[in-house]
Amino acid sequence: MDPGTRTGDEPGSVDEIGEVGEFYAAVFEANSAVKLLIDPSSGVIVDANGAAARFYGYSKAELVGMRVGTINVLPEERIRAELAAAQAQQRSYFRFRHRLASGEVRDVEVHSGPVRWRERDLLFSIVIDVTERYRLEDRLARAQRVSALGRVAGGVAHDFNNLLTVIMSFAEAIESGKRSGEGAREAAGQIVSAARRAGELTQRLLS
């Protein structure tokens with residue numbers, strides 16, 4: 001065989017190039033996950049799959065060539081810093097807020113890392129919409145706070161009731177005449193002490 005002749009099985013052949021294209025289409029294009037290829041030096045979206053177009057509400061033609069600052073609500077300098085961190089592999093996981101074509105803002109988690117594609121150093125990013133999950137987590141956290149507050153309020157009410165019982169008992173003893181002289185002064189002191197503890201309890205509740 002002539003050394004200059006290439007077969008279909010050799011690297012760089014038409015068949016191999018075709019297989020690479022098919023593989024790219026399978027893992028990038030024909031996939032339900034939102035995927036973007038981004039130039040970290042410029043922040044420009046180099047490629048986007050169909051899922052990205054459906055999620056953001058832009059056509060693929062509109063997304064390709066768009067700066068990520070159009071969809072990411074962070075200030076431009078923060079975006080550049082995050083792109084640099086992903087490119088340097090200092091971070092691969094990010095929590096962002098992305099703006100859709102409709103103007104709606106969604107919470108997203110982005111997994112991003114450097115790739116070499118067509119002689120270019122790019123970032124391959126998978127975007128996951130976590131808006132509903134964040135909302136559920138926020139509701140759960142609020143419910144837990146309310147539950148904790150309810151337990152605190154219940155404990156305070158119990159302690160306050162005990163203090164009121166002390167105050168009322170000594171006050172009734174003085175009013176009925178069962179305590180007089182030194183005994184009345186002692187009962188009054190108990191009332192003052194219980195009232196002070198009630199005041200401290202109220203301050204703790206307020207804080």
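Predicted model: local features only at pLDDT ≥ 70, side-chain atom pairs only at ≥ 80, totals over all residues.
Select helix H4, residues 76-87, which lies across S1, S3, strand S4 (105-117) and strand S5 (120-129), and which runs at about 110° to S5.

Next, colour the strands themselves. Five of them form an open sheet, and if you step across it you meet the order S2-S1-S5-S4-S3, with antiparallel pairing. At the edges you will find strand S2 (44-48) and strand S3 (93-99), each of which pairs on one side only. Neighbouring strands of this sheet are turned by 40° against each other on average, direction ignored.

Now turn to the aromatic side chains, where the count comes to two pairs, a ring pair requiring centres within 6.5 Å. For the pair of Phe 55 and Tyr 56, the ring centres are 4.8 Å apart and the planes stand at 70°, so this pair is edge-to-face. Phe 55 is buried with a relative accessible area of 16%, and Tyr 56 is buried with a relative accessible area of 1%.

For the other stop, select Phe 94 and Phe 96, whose ring centres lie 5.5 Å apart with the planes at 15°, so that this pair is stacked. Both Phe 94 and Phe 96 are buried.

Conventions:
Residues numbered from 1 in each chain as written. Heavy atoms only, no water. Phe/Tyr/Trp six-rings, centres within 6.5 Å; stacked < 30°, edge-to-face > 60°. Buried < 20%, exposed > 50% of the residue type's maximum accessible area, 1.4 Å probe, protein only. Pairing = 2+ DSSP bridges. Helix = DSSP H or I, 4+ residues; strand = E, 2+ residues; numbered from the N terminus. Axes fitted to C-alpha atoms, helices over the stretch in contact; angles between N-to-C directions. Contact = heavy atoms within 4.5 Å.
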